[in-house]
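Please look through the structure below with its pocket, its core and one of its sheets in mind. The paragraphs after it take these topics in turn.

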Amino acid sequence: MADVETHHDEGAGGGSEDNKFMGLKERRRSSAVKMFLGDHLNLAKHPVITKLMSKHGDSKVVFSDVIIKINKRNKMQERIFLMTESAIYNVEPSSYKCKRRILLKELGSISLSKLPDNFFALHVPSEYDYLMVSGKKTEIISKLLETYETAFAEPLAITFANSFDYRIDEATVREIHFSRVDGGVSTQIYTKKKVKQTAK
């Protein structure tokens, strides 16, 4: 198994939001010059989204953008990643239907590789995890760390490793491997553990 380093955000002080967690992460050159805009899709003014947020008691769009979610069949799906002051929403881009809402308090940790790729995993111990891909990953993670610590006065754990597990359902764990190749980073995903369900 790969050597794993775990780092916790130390909160305010000591540099920009970017610098809080990227010390163990090899960055893409482009990520160093990007500005953090937050609501890239301008969803704070979208009537369907504002109604959805109001239904759940959310009032602030912290971040929004179209990202890629890797589904259970290892297929890539476009989804709107919407972060508010208390939750993350997985929204279908064409219909604006909410597929899943994850309370920030349910997050256990975040996993990233040490290489300059765009993958990240959100671990939700009480449910199942998400493996996602975004060119704005640095901004997503920075805003998630800041929002989580503002809400709960404690840091959200981040694990940096060139292989890590994520759970796609109650019975199945997958592992993703990252390796450096000519011209970029290669990823491999395979099923690591599948628990047989006993009949009731």
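How many nonpolar, polar and charged residues does the lining of the largest pocket have? This is a predicted model, in which local features need pLDDT of at least 70 and side-chain atom pairs count only at pLDDT 80 or more, while totals for chains, interfaces and linings use all residues. Residues are numbered from 1 along each chain as its sequence is written, and side-chain values use heavy atoms, without hydrogens and water. The lining has six nonpolar, four polar and eight charged residues (Ala, Val, Leu, Ile, Met, Phe, Trp, Tyr, Cys and Pro count as nonpolar, Asp, Glu, Lys and Arg as charged, the others, Gly among them, as polar).

The largest pocket holds about 270 Å³ of space. A pocket is an open set of points on a 1 Å grid over the protein atoms alone where a 1.4 Å probe fits, with protein on both sides within 12 Å along at least five of seven lines; lining residues have an atom within 4 Å of a point. The volume is the space filled by probe spheres set on the points, which are joined across faces, edges and corners. Among the 18 lining residues, Lys-69, Asn-71, Lys-72, Tyr-128 and Tyr-130 are the closest to the centre.

An open sheet has three strands in the order β10-β11-β12, paired antiparallel (strands are DSSP runs of E, at least two residues, numbered from the N terminus; a pair needs at least two DSSP bridges). β10 (163-167) and β12 (184-194) are the edges; each has a single partner strand, so one side of each lacks a neighbour in the sheet. Five bridges join β10 to β11 (residues 172-181). Tyr-166 has Arg-174 in β11 as its bridge partner.

Conventions: Helix = DSSP H or I, 4+ residues; strand = E, 2+ residues; numbered from the N terminus.
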